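Hi everyone, thanks for making time for this.

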Protein chains: 2
Amino acid sequence: MLKITKRVEYALIAIRHLQENQDVLVSVSDISTAYGIPKEILAKTLQKLASSNIVKSYKGPTGGYKATKKIAKTTLNDFFEILEGPTAIMDCYFQDGCDHLNSCNIRTPINKINDSIRNLFNNLTLADISQ
Amino acid sequence: MLKITKRVEYALIAIRHLQENQDVLVSVSDISTAYGIPKEILAKTLQKLASSNIVKSYKGPTGGYKATKKIAKTTLNDFFEILEGPTAIMDCYFQDGCDHLNSCNIRTPINKINDSIRNLFNNLTLADISQ
DNA sequence: ATTATATACGATTATATTTGTCGTATATAG
DNA sequence: CTATATACGACAAATATAATCGTATATAAT
């Protein structure tokens, strides 16, 4: 449990690679072959990052991706939520569709754990974890 | 991603129920029916907690479980690891069997994230998240 | 203009993990 | 002796994640 997904893993690999090669455009294939990552998944992952301006995309032959200055300032929470949606350890007892809500006795602890994790990730940037 | 398992959820429900009923022995069936939890899974979960002395078990008819004083002092990390094994966001790039190790460029960030989470969970007890 | 190569993106399949069930053994109160 | 509780391993079902496939669009180079 509490695992990150391959998408997040691939995204981290990609942005670090882009940061180390800021002078050139890097294509999906470049990263895919360099790290042994399935091309299609990596492509979609970079598309998500591009739509949030974490990276910038350039179409056409000689196209590819570039790192942006936004990367360093991005929090882990934002990074995760761009790729995977809301950070939440449960999915979920306290929203619509929970048929246990009436007898639920763990609302407080679940919320406290969740708040702690979100607070942690909101106070860590991608720059913080890079060095 | 970063979800807790049902086992952890059920364990939380169970220990909170036991803490609220410290004067009596509570059986698996009691908790199972009260919260709509599958009996067999709950049983195994409580067996794990019992083998770590988080709860105490009593066999035979009129048997069941009781909360122990150890609960409040138990850290979230210990609680999670009793039920689910080592707390780690990846499984894993840096151990045996990783065929990407030579080209891995995310060792540092993964370790930093992992250390942060483990640090958080090691400094939160079950008592801390209860109120 | 045409071609080759890149990103963009929805639909589908494959795989892995999690969740739940079944069967059997052991302990013990009445 | 019997009924009811915990103990525990093996298996099956359900769900979530990962990967693939197909098609569209943009654009640099010829």
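**Inside the largest cavity**

So, the lining of the largest cavity: its residues split into seven nonpolar, one polar and no charged. Nonpolar here covers Ala, Val, Leu, Ile, Met, Phe, Trp, Tyr, Cys and Pro, charged is Asp, Glu, Lys and Arg, and the others, Gly among them, are polar.

Quick background: this is a predicted model, where local features need pLDDT of at least 70 and side-chain atom pairs pLDDT 80 or more, while totals for chains, interfaces and linings use all residues. Residues count from 1 along each chain as written, chains are lettered from A and ligands numbered from 1 in written order, and side-chain values use heavy atoms, leaving out hydrogens and water.

Which residues line the largest cavity? Leu2(A), Thr87(A), Ala88(A), Ile89(A), Ile117(A), Phe121(A), Leu2(B) and Ile117(B). A cavity is a set of points on a 1 Å grid over the protein atoms alone where a 1.4 Å probe fits but cannot get out, and lining residues have an atom within 4 Å of a point.

Now helix 6 of chain A, residues 107-122; helices are DSSP runs of H or I, at least four residues, numbered from the N terminus.

Last stop, Pro38(B): it lies in the loop between helix 2 (28-35) and helix 3 (39-51) of chain B. The C-alpha atoms of Pro38(B) and Tyr10(B) are 9.4 Å apart.

Notes. On a 1 Å grid over the protein atoms alone, a cavity is a set of points where a 1.4 Å probe fits but cannot get out, and a pocket is an open set with protein on both sides within 12 Å along at least five of seven lines; lining residues have an atom within 4 Å of a point. Helices (H or I, at least four residues) and strands (E, at least two) are DSSP runs, numbered from the N terminus. The expected span of a helix is 1.5 Å times one less than its number of residues.
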